[in-house]
Structures are given as structure tokens and as C-alpha cells.
Amino acid sequence: MRVAVVQRPTYTTTPILPGKEGEITVEFNSAGQVGQQQKIITIASNAESNITTVQLKGTVEAI
């Protein structure tokens with residue numbers, strides 16, 4: 001089994017006030033990966049729900 005390298009995410013570094021938005025950018029390196037892929041991103045914050053997960057799903061096609 002080959003594990004893909006996930007680059008370090010970038011995110012909003014200034015405080016985000018309640019009701020406002022920030023941005024998180026992640027990148028999936030699909031080198032050596034073919035077929036269905038699913039990656040889970042875990043987000044930790046000081047919000048009331050302090051742990052949130054986001055699932056990224058997609059298909060990597062061979063070229």
C-alpha cells in the first residue's frame with residue numbers, strides 16, 4: 001500500500017470572529033494513486049464544536 005503525501009495546509013492566521021469566515025487550503029498529491037480516493041481533514045479550533053472533520057472524495061484517473 002502506498003500512502004500519498006499531503007502537503008501542509010495553509011489557513012487564515014488572524015482571529016476569526018463568531019459568524020465570520022476563514023479559509024483552509026489543502027492539497028492532495030495524487031502521484032502513484034489511481035482510482036477512488038478518500039481523505040479526511042480534521043480541523044481543531046476554539047469554537048463550541050472544537051473538532052470538525054471534512055471528507056474529500058474523488059477519483060484519480062490514470063493518464
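Q: Okay, is L56 buried, partly exposed or exposed?

A: This is a predicted model, and in it L56 counts as partly exposed, because its relative accessibility is 36% and that class covers values between the 20% limit for buried and the 50% limit for exposed.

Q: Where does L56 lie?

A: L56 lies in strand β4, and its bridge partner there is K39.

Q: Which residues make the nonpolar surface patch of about 420 Å²?

A: That patch is made by Y11, I24, V26, V54 and L56, so the partly exposed L56 contributes to a nonpolar area of the surface.

Q: How far apart are K57 and Q38 in space, and how far in sequence?

A: From C-alpha to C-alpha, K57 and Q38 are 4.5 Å apart in space, while 19 residues separate them in sequence. For Q55 and T42 the C-alpha distance is 8.9 Å, with a separation of 13 residues along the chain.

Q: Back to the strands, then: in which sense do β3 and β4 pair, parallel or antiparallel?

A: Strand β3, residues 35-44, and strand β4, residues 51-60, pair in the antiparallel sense, and the pairing runs over 10 bridges.

Q: What share of the residues is buried?

A: Buried residues make up 8% of the 63 residues in the protein.

Q: Changing topic, how much space lies in the largest pocket, and which residues lie nearest its centre?

A: About 690 Å³ of space lies in the largest pocket. Its lining consists of 25 residues, and those nearest the centre are I16, I24, I43, A44 and S45. I24 is also one of the residues that make the nonpolar patch.

Q: Which element gives the largest share of that lining?

A: The largest share comes from β3, which supplies four residues of the lining, and β3 is the strand that pairs with β4.

Terms used
Residues are numbered from 1 along each chain as its sequence is written. This is a predicted model: local features need pLDDT of at least 70, side-chain atom pairs count only at pLDDT 80 or more; totals for chains, interfaces and linings use all residues. Side-chain values use heavy atoms; hydrogens and water are left out. Two strands pair if DSSP finds at least two bridges between them. Helices (H or I, at least four residues) and strands (E, at least two) are DSSP runs, numbered from the N terminus. Patches are made of residues with over 30% relative accessible area and no salt bridge: like charges are joined within 9 Å, nonpolar side chains (Val, Leu, Ile, Met, Phe, Trp, Tyr) within 5 Å. Accessible areas come from the Shrake-Rupley method with a 1.4 Å probe; for residues, only the protein chains shown count as cover. A salt bridge is a side-chain nitrogen of Lys or Arg within 4 Å of a carboxyl oxygen of Asp or Glu. Buried means under 20% relative accessible area, exposed over 50%, partly exposed in between (1.4 Å probe, protein chains only). On a 1 Å grid over the protein atoms alone, a cavity is a set of points where a 1.4 Å probe fits but cannot get out, and a pocket is an open set with protein on both sides within 12 Å along at least five of seven lines; lining residues have an atom within 4 Å of a point. Grid points are joined across faces, edges and corners, and a volume is the space filled by probe spheres set on the points.
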